[in-house]
Amino acid sequence: MPAAVYDPASIPLYQVDAFTVPGTAFSGNPAAVCPLGGWLPTDVLQAVAAQLNLSETVFVVPRAAFGGAAPFEDADGAGAGGGWDYAIRWFTPTTEIDLCGHATLAAAHVIFSELGFGGGGVNVVLQSRRSGVLRVKPMQGRLQLDFPLQPPAPYPPAQVPAVGEALPGVTVTACWQHGAIDIIAVLDSEAAVRDVCPNLGRVKALPCRGLIATARADEGKGYDFVYRFFAPQLGIDEDPVTGSACTQLAPLWAGVLGAPSLVGRQLSARGGVLEMDVVESTERPRVFIAGSARLVIRGEFFLTEAPPTPMPRPPNHADPRPAPLAGPAPAGPFLGRVMLKLGGSLVTDKASYCTAKPDVIAAVAAVVRRMVDDGYFVVVVHGAGSFGHIHAKQWDIAGGVDRTPAATEERRASQREAAVQVRRDVHALGELVAKGLRDAGVAVAHMPAADWATAHGGGGAAAGGGGTGE
C-alpha cells in the first residue's frame, strides 16, 4: 500500500511519439505519460486514459512514494523493498493492460529527459503489476527495452478459418499464439499485410488481446518482417506501433529466418521501426527491443476545475484582441467578453429620441464598471435600428400600392432617403448613449457599425477601456 494519500488537483502530462521512423515527422505511436506522486484510484486512471483517448496512457510512480511497501495491492508483494526505480501501469481508453511496449519506451523517455533520472547512466528499472520487472537502457540516441520473450505456439487448426474470416481477401498461410495473448496470422506477402482491410467485428470475436497480421519483408527494404496490429477488444481498431507484439514476433521470425537480430516495420498509417535482439536462455529468455522517441507535448492535466489564469502567450504570438479604438489599451487577459444590448426606448425619451435617461445610463455604467473590474471585456450596443427597418417597409405593406415602374422608383427613392435619415438618427442616439456613459465614468468609443465591421472584421469586437456605444 502507498505510504501516504495522494490527491492532487492536477498531474503532469507528456505526449511522446515512440518507435518513430528516423527522419519522418508524425511517425511512431503517440503515448501519454503521466508521472504521479502515488497511485490514484484505478477508476480515475482509467478516466484520464479515456479522456486523452490515445491508444495507451502510461502512469509511473517513483519507488520513494511507497516508503518500502509493495507498489501494487494485487501483485503478491512484488516490488516490496526496492530493486526498482518506478512502478508502471498501462491503460487503453477502455481497460488496463498487462504490457505495452511503445508506452514503456515513452515513459522511459520522459523519465530520462524530463524527470532528470540518472540511473548510473545505465538502466531505469520498472516494476509492473502483471509483467514483472522491465528494464530500459539508453543507447546512442535510442532506448532499448528489456522484455520477456514469449515464443508463440501453433494455433489450433480448427480455429484458423475464423482468423481467415477476420482478414478477408488475403491468404493466411499459418497461425500462431502465445497463451491467450495475441493471434499471429502469417500472410503470403508484404503487400497483403499493407493492404488488408480487417473485419473488426470478426476480430473482436476472436479469443485474444489482438490480431497481428505479419509477413516476411520484400527484399532490399532494410527490415526483415512487417506487421499490423488490430485490437478492437481493447478499444483500438489499429495500433500505430505495438512494441509488445514483438515479444512474440521476434522469436517467431528469428526461427523462420535463422537470425537472432531483426528489424521490424509496422505498416500502420503512421508507421514505426523496431530493432530486436532475441536471447533464448533457459534461465532468462528475453527480447531487447530498441527504438527512437520524440517528445511532442508537455503540459498539465487538471483533475479538478482549472484555475482561471491562462497559460502565458507564446513569444511573438499576436494578441487576438483588436486594438482599442480610444483611450489606453485595456488590461488583459480577459475572462471573456460580454455584450450589453440596450433598447432605444429604454435609454432615451420615447417622445423625441433625443434625451438620454440619466438614471438608466447611470445603472448601465455601474454594471459595465463591475464587469470590467471582474475581468470581463464589455461591448455596449444600443437599439433603434428596428425603427428604420419598420419605416422602410411601411410602403409595401400599405393597401392599394401603385406598382407601376414610375411609382416603384419613387418609393425606392423615398426609402433610400428615409434610410439615410434613420442612419443619422441612430448615430445621434449612439452619441447620446456614449456621452451618458462617458459622463458616468466609463471609457467609450463610438462609431457607426459599418465602420466597426470594416475595421475589426465583423461585429462583436471589443473597444478600449470598458464599453462601446454604437
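**Note on the predicted model: strands, rings and buried residues**

1. Within strand S10, Gln177 is the bridge partner of Ala153. The model is a predicted one, in which local features need pLDDT of at least 70 and side-chain atom pairs count only at pLDDT 80 or more, while totals for chains, interfaces and linings use all residues. Residues are numbered from 1 along each chain as its sequence is written, and side-chain values use heavy atoms, with hydrogens and water left out.

2. For orientation, the protein holds 11 helices and 22 strands, where helices (H or I, at least four residues) and strands (E, at least two) are DSSP runs numbered from the N terminus. Of its 470 residues, 44% count as buried; here buried means under 20% relative accessible area, exposed means over 50% and partly exposed lies in between, with a 1.4 Å probe and protein chains only. Among contacts (heavy atoms within 4.5 Å) between residues at least 6 apart in sequence, 66% join residues at least 24 apart.

3. Returning to the strands, S9 (residues 153-154) and S10 (residues 172-177) run antiparallel and are joined by two bridges, pairing being assigned if DSSP finds at least two bridges between two strands. S10 also pairs with strand S11 (residues 182-187), again in the antiparallel sense, over five bridges, and Val172 stands opposite Leu187 of S11. The hairpin of S10 and S11 has four residues between the strands, and Gly179 there takes a positive phi near 55°.

4. The aromatic side chains deserve a separate point. A search of the whole structure finds eight aromatic pairs, where rings of Phe, Tyr and Trp (its six-membered ring) pair if their centres lie within 6.5 Å, and planes under 30 degrees apart count as stacked, over 60 as edge-to-face and the rest as tilted. Phe225 and Tyr227 form a tilted pair, at 6.0 Å centre to centre and 35° between the planes, and both of these residues are buried. The rings of Phe225 and Trp253 have centres 5.9 Å apart and planes at 10°, so this pair is stacked. Because Phe225 lies in strand S13 (residues 225-231) and Trp253 in helix H6 (residues 246-257), the pair ties together parts that are 28 residues apart in sequence. Phe225 and Trp253 are both buried.

5. Elsewhere, ring pairs link Trp39, Phe66, Phe72 and Trp84 into a cluster. Arg89 lies over the face of Trp39, at 5.2 Å from the ring centre; the criterion is that NZ of Lys or CZ of Arg is within 6 Å of the ring centre and within 35 degrees of the ring normal.

6. Helix H2 (residues 101-113) has 13 residues and reaches 18 Å from its first C-alpha to its last, close to the 18 Å expected, the expected span being 1.5 Å times one less than the number of residues. Because 12 of the 13 residues of H2 are buried, this helix is largely enclosed by the rest of the structure; His102, His109 and Phe112 are among the buried residues. Nine of the 12 residues of H6 are buried, so H6 is likewise largely enclosed by the rest of the structure, and Cys246, Gln248 and Trp253 are among those nine. Just after H6, Gly258 takes a positive phi of about 65°.

7. Asp17 lies in strand S1 (residues 10-18) and is buried, with a relative accessible area of 4%. Its side chain makes a polar contact with the side chain of Arg270 at 3.2 Å, a polar contact being a pair of N or O atoms within 3.5 Å; within protein, one must be able to donate a hydrogen and the other to accept it, and residues adjacent in sequence count only if both atoms are side-chain atoms. Leaving aside neighbours within four places in sequence, Asp17 is in contact with residues including Ser27, Asn29, Arg270 and Arg294.

8. Arg286, in strand S17 (residues 286-291), counts as buried at 9% relative accessibility. The side chain of Arg286 makes a polar contact with that of Asp146 at 2.7 Å. The C-alpha atoms of Arg286 and Phe147 are separated by 5.7 Å, although the two residues are 139 apart along the chain.

9. Leu40 sits in the loop between strand S2 (29-35) and helix H1 (42-52) and is buried, with a relative accessible area of 6%. Leu40 and Val5 are 35 residues apart in sequence and 8.8 Å apart in space, C-alpha to C-alpha.
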